[in-house]
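Me: I would like a close look at one part of this predicted model, namely its pockets and what lines them.

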Amino acid sequence: MSRRNKLEKFADLLSFSNVYEYSEKPREDGWLYNGVSNSILKGVWKNQHFENNHPLILELACGRGEYTCALSEKYPKLNFIGVDVKGARIWKGAKYALEHLPNAAFLRIRIEHIIHFFSSNEVDEIWITFPDPFLKDKKSNRRLTSPQFIERYKCFLKTDGIIHLKTDDDQLYEYTLEVIENAPELELIYQSNDIYKKELYTSDLEIKTYYEKKHLADGKKIKYIRSRILS
Ligand SMILES: C[S@@+](CC[C@H](N)C(=O)[O-])C[C@H]1O[C@@H](n2cnc3c(N)ncnc32)[C@H](O)[C@@H]1O
């Protein structure tokens with residue numbers, strides 16, 4: 001990680017053409033992001049930002065954006081947007097993408113507000129990478145795989161769109177399987193409570209984020225769930 005401090009990074013982000021970040025309050029014409037209103041971006045990310053019509057994939061809780069960058073590099077004919085609220089973290093992936101990856105962008109928002117940025121059928125897949133597990137029951141609706149968040153994703157994920165979860169956390173893993181089991185609109189495609197025990201289900205799982213490396217160093221098992229939205 002660069003030694004540049006947070007304020008310098010925040011200032012940089014405002015000048016990055018691949019980052020859209022929030023103002024604290026919505027304005028009458030929508031939420032303003034680096035001079036672009038969400039009402040302008042919603043539904044037109046591909047044409048407006050990426051200038052193509054390729055599929056769009058989101059990485060939620062992207063942190064430094066390791067998945068966004070690595071998948072963009074691997075799949076130049078797909079568009080990727082990393083979403084996180086922490087600007088100093090996003091900076092790392094955004095800086096790299098600005099110079100090397102025209103098919104990667106970043107959106108700095110609270111994911112609770114995500115339905116204001118993507119319209120129906122705009123998104124093909126969602127990766128959720130090592131999200132905070134919010135282990136206390138009364139905070140369970142803050143988990144990014146809670147029914148409340150799944151409802152939000154349904155607003156913009158295509159039918160048959162895929163949701164990937166990668167986590168180190170046993171409780172979040174079990175909880176997510178339960179959410180899927182109880183949601184008629186979700187279909188479980190694959191689950192593993194220890195992805196490195198055997199050959200990887202997909203080479204996309206090889207990508208290791210900052211938090212994944214920390215969890216592996218602590219001897220934790222990495223878990224993965226792939227599900228599909230049916231409607
Ligand atoms: C444990 S870190 C994982 C970061 C990265 N995916 C990794 O694996 O290194 C969780 C990230 O989720 C982000 N996050 C948690 N809740 C969020 C929310 N409601 N909206 C936006 N970002 C959120 C945090 O800012 C943090 O960067």
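What volume does the second largest pocket have?

Reply: The second largest pocket of this predicted model has a volume of about 270 Å³. Of the 15 residues that line the second largest pocket, Arg64, Gly65, Glu66, Lys92 and Lys213 are the closest to its centre. Helix H4 (66-74), helix H5 (87-100) and helix H8 each supply at least two residues of this lining, and H4 gives the most, with 4 residues. Sorted by class, the lining of the second largest pocket consists of 6 nonpolar, 3 polar and 6 charged residues.

Helix H8 (residues 210-217) also belongs to the description of the largest pocket, where H8 gives the most to the lining, with 3 residues. About 600 Å³ of space lies in the largest pocket, and of the 29 residues that line it, Ala61, Asp84, Phe130, Pro131 and Asp132 are the closest to its centre. The class count for the lining of the largest pocket is 13 nonpolar, 5 polar and 11 charged residues.

As for the sheet, it is an open one of 8 strands in the order S1-S6-S5-S4-S7-S8-S10-S9, with mixed pairing. Strand S1 (19-21) and strand S9 (186-192) stand at the edges with a single partner strand each, so one side of each is left without a neighbour in the sheet. From one strand to the next, the twist averages 15°. Within this sheet, strand S4 (residues 56-60) and strand S5 (residues 79-84) pair in the parallel sense over 5 bridges, and Leu60 has Val83 in S5 as its bridge partner.

Notes: Residues are numbered from 1 along each chain as its sequence is written. This is a predicted model: local features need pLDDT of at least 70, side-chain atom pairs count only at pLDDT 80 or more; totals for chains, interfaces and linings use all residues. Side-chain values use heavy atoms; hydrogens and water are left out. Two strands pair if DSSP finds at least two bridges between them. Axes are lines fitted to C-alpha atoms, for helices over the stretch in contact, and angles run from 0 to 180 degrees between N-to-C directions. On a 1 Å grid over the protein atoms alone, a cavity is a set of points where a 1.4 Å probe fits but cannot get out, and a pocket is an open set with protein on both sides within 12 Å along at least five of seven lines; lining residues have an atom within 4 Å of a point. Grid points are joined across faces, edges and corners, and a volume is the space filled by probe spheres set on the points. Ala, Val, Leu, Ile, Met, Phe, Trp, Tyr, Cys and Pro count as nonpolar, Asp, Glu, Lys and Arg as charged, and the others, Gly among them, as polar.
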